[in-house]
Amino acid sequence: MTQAPAPIDILLVEDDPGDVLMTREAFEHHKIRNALHVAADGVEALEFLNREGRFRAAPRPGLILLDLNLPRKDGRELLGEIKQDPQLRTIPVVVLTTSEAQEDIVRSYELHANAYVTKPVDFEKFTEVVRKIDDFWVSVVQLPHR
């Protein structure tokens, strides 16, 4: 019998409280054991990742779920900074956004996103997407040691 993968810390970078709530509910619905941390914008996400200010004790996430359209520092800018930082670039980043624009998809991959997923608006489909992301990034692939 195979052992269940150890839980990881996931950083959700999302400014829409409704999408944060849906993500939390998807975790609960599918009994996802990973710890979900939330940053409301790109500035807050960088503070979390760099363990600054109120995030001094923040864990290093094993996965980042990133919305593109964020206040203060948008997701594209944040993605570029993460992937240019030698301390952060090995953290997989899954862009999870409502945008289906080809330029957003291409730009995200140019900035070294590990995956690009369009958020379904339907709750059931959304929870299934979250479950599949979790299955793949936690159960299928091997992540670098933290």
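A crossing of two helices is called right-handed if the near helix is turned clockwise from the far one by less than a right angle. In the predicted model described here, helix H2 passes helix H3 in a crossing of this right-handed kind. Helix H2, which spans residues 42–49, packs against helix H3, residues 75–84, at an angle of about 20°, and their axes lie 9 Å apart. Because angles under 35 degrees count as roughly parallel, H2 is described as roughly parallel to H3. On the H2 side of this pairing, Gly42, Ala45, Leu46 and Leu49 take part, and they meet Leu78, Glu81 and Ile82 of H3. When sorted by class, the residues in the contact of H2 with H3 comprise five nonpolar, one polar and one charged.

A second pair of helices was examined in the same terms. Helix H1 (17–29) and helix H5 (residues 123–140) pack at an angle of about 65°, with a separation of 9 Å between their axes. Since angles of 65 to 115 degrees count as roughly perpendicular, H1 is roughly perpendicular to H5. The crossing of H1 and H5 is also right-handed. In H1, the residues Asp19, Met22, Thr23, Glu25, Ala26, Phe27 and His29 meet Phe123, Phe126, Thr127 and Val130 in H5, and the contact of H1 with H5 is divided into six nonpolar, three polar and two charged residues.

Attention then turns to the nonpolar cores. The largest nonpolar core contains 23 residues, and those with the most contacts inside it are Leu11, Val13, Ile64 and Leu66. At least two residues of this core are supplied by each of strand S1 (9–13), H2, strand S3 (63–66), H3 and strand S4 (93–97), and H2 gives the most, with four residues. Leu66, when its neighbours within four places in sequence are left aside, is in contact with Val13, Gly75, Leu78, Leu79, Val93, Val94, Val95 and Leu96.

Glu14 was considered individually. This residue lies in the loop between S1 and H1, and Glu14 is buried because its relative accessible area of 3% falls under the cut-off of 20%. With neighbours within four places in sequence again left aside, Glu14 is in contact with Asp19, Val20, Val38, Ala39, Ala40, Asp67, Leu70 and Lys119. Although Glu14 and Thr127 are 113 residues apart along the chain, a distance of 16 Å separates their C-alpha atoms.

How values were computed
Residues are numbered from 1 along each chain as its sequence is written. This is a predicted model: local features need pLDDT of at least 70, side-chain atom pairs count only at pLDDT 80 or more; totals for chains, interfaces and linings use all residues. Side-chain values use heavy atoms; hydrogens and water are left out. Axes are lines fitted to C-alpha atoms, for helices over the stretch in contact, and angles run from 0 to 180 degrees between N-to-C directions. Angles under 35 degrees count as roughly parallel, over 145 as roughly antiparallel, 65 to 115 as roughly perpendicular and the rest as oblique. Contact means heavy atoms within 4.5 Å. Ala, Val, Leu, Ile, Met, Phe, Trp, Tyr, Cys and Pro count as nonpolar, Asp, Glu, Lys and Arg as charged, and the others, Gly among them, as polar. A nonpolar core is a set of buried Ala, Val, Leu, Ile, Met, Phe, Trp, Tyr and Cys residues joined through side-chain atoms within 4.5 Å. Buried means under 20% relative accessible area, exposed over 50%, partly exposed in between (1.4 Å probe, protein chains only).
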